[in-house]
Amino acid sequence: EMATLSEGADEDVLEVELDRAAEEMEEQEWLTRRRDAEVRKLPLIEKWVSEADEGRPAMLERYEYSRRASFKSSAMKRLITELSGGTVDDESVIVVRGIAKLFVAELVELASDIRDAADPRSAITPAHLTDALNQMPAKTSCGARKRSKFWR
């Protein structure tokens, strides 16, 4: 009977060790993927830095602001939950935050083009953003959208 208890304990220890090993492998894989992603970004960052050195400091400053900008996870999760009517996992929130950031970047870029056509030295105004939002389905890859009552 003691041998049976000892074998059961050995199996539990082995299972725990296997679980730890699997977690370490997953962590190593994640770290490897993260490092590879950073390596792929380096040429772009170096290009932007070299352009900034060539007299484009405003471009580098905009890039730095856009890198740091993000939507709060809690607010985004609450919004998605309200819209979908169900629970949302953290991975979905991360994806939607990224898509929202890209949408805002496209909106601001189009508003900047609209502003440049009118007066390149002025700041972007809410009117420029509204015009950009109205032109987005025709000029961007975001596709057609239904007009919300909120923006009327």
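**Burial in helix 4**

A residue is called buried when its relative accessible area is under 20%, exposed when over 50% and partly exposed in between (1.4 Å probe, protein chains only). In helix 4, the buried residues are V93, A100, L107, L110, A111, S112, I114 and R115. Helices here are DSSP runs of H or I with at least four residues, strands are runs of E with at least two, and both are numbered from the N terminus.

This is a predicted model, in which local features need pLDDT of at least 70 and side-chain atom pairs count only at pLDDT 80 or more, while totals for chains, interfaces and linings use all residues. Residues are numbered from 1 along each chain as its sequence is written, and side-chain values use heavy atoms, with hydrogens and water left out.

**The chain overall**

Five helices and zero strands make up the secondary structure of the chain, in the sequence order α-α-α-α-α. The chain has 152 residues, of which 12% count as buried. Its accessible surface is about 12600 Å², with 57% belonging to carbon and sulfur atoms; the areas come from the Shrake-Rupley method with a 1.4 Å probe, and for residues only the protein chains shown count as cover.

A contact requires heavy atoms within 4.5 Å. Of the contacts between residues at least 6 apart in sequence, 37% join residues at least 24 apart.

**Helices 3 and 4**

Helix 3 has 12 residues and spans 16 Å from first to last C-alpha, close to the expected 16 Å. Helix 4, with 29 residues, spans 42 Å, close to the expected 42 Å. The expected span is 1.5 Å times one less than the number of residues. Just after helix 3, G85 has a positive phi of about 80°.

**Crossing and contact**

The axes of helix 3 (residues 73-84) and helix 4 (residues 90-118) come within 10 Å and cross at roughly 100°. Axes are lines fitted to C-alpha atoms, for helices over the stretch in contact, with angles from 0 to 180 degrees between N-to-C directions. Helix 3 and helix 4 are therefore roughly perpendicular, the class for 65 to 115 degrees; under 35 is roughly parallel, over 145 roughly antiparallel and the rest oblique.

Helix 3 contributes S73, M76, K77 and I80 to the contact, and helix 4 contributes D90, V93, V96, R97 and A100. These residues divide into five nonpolar, one polar and three charged. Nonpolar covers Ala, Val, Leu, Ile, Met, Phe, Trp, Tyr, Cys and Pro, charged covers Asp, Glu, Lys and Arg, and the others, Gly among them, are polar.

**A75**

A75 lies in helix 3 and is partly exposed, at 33% relative accessible area.
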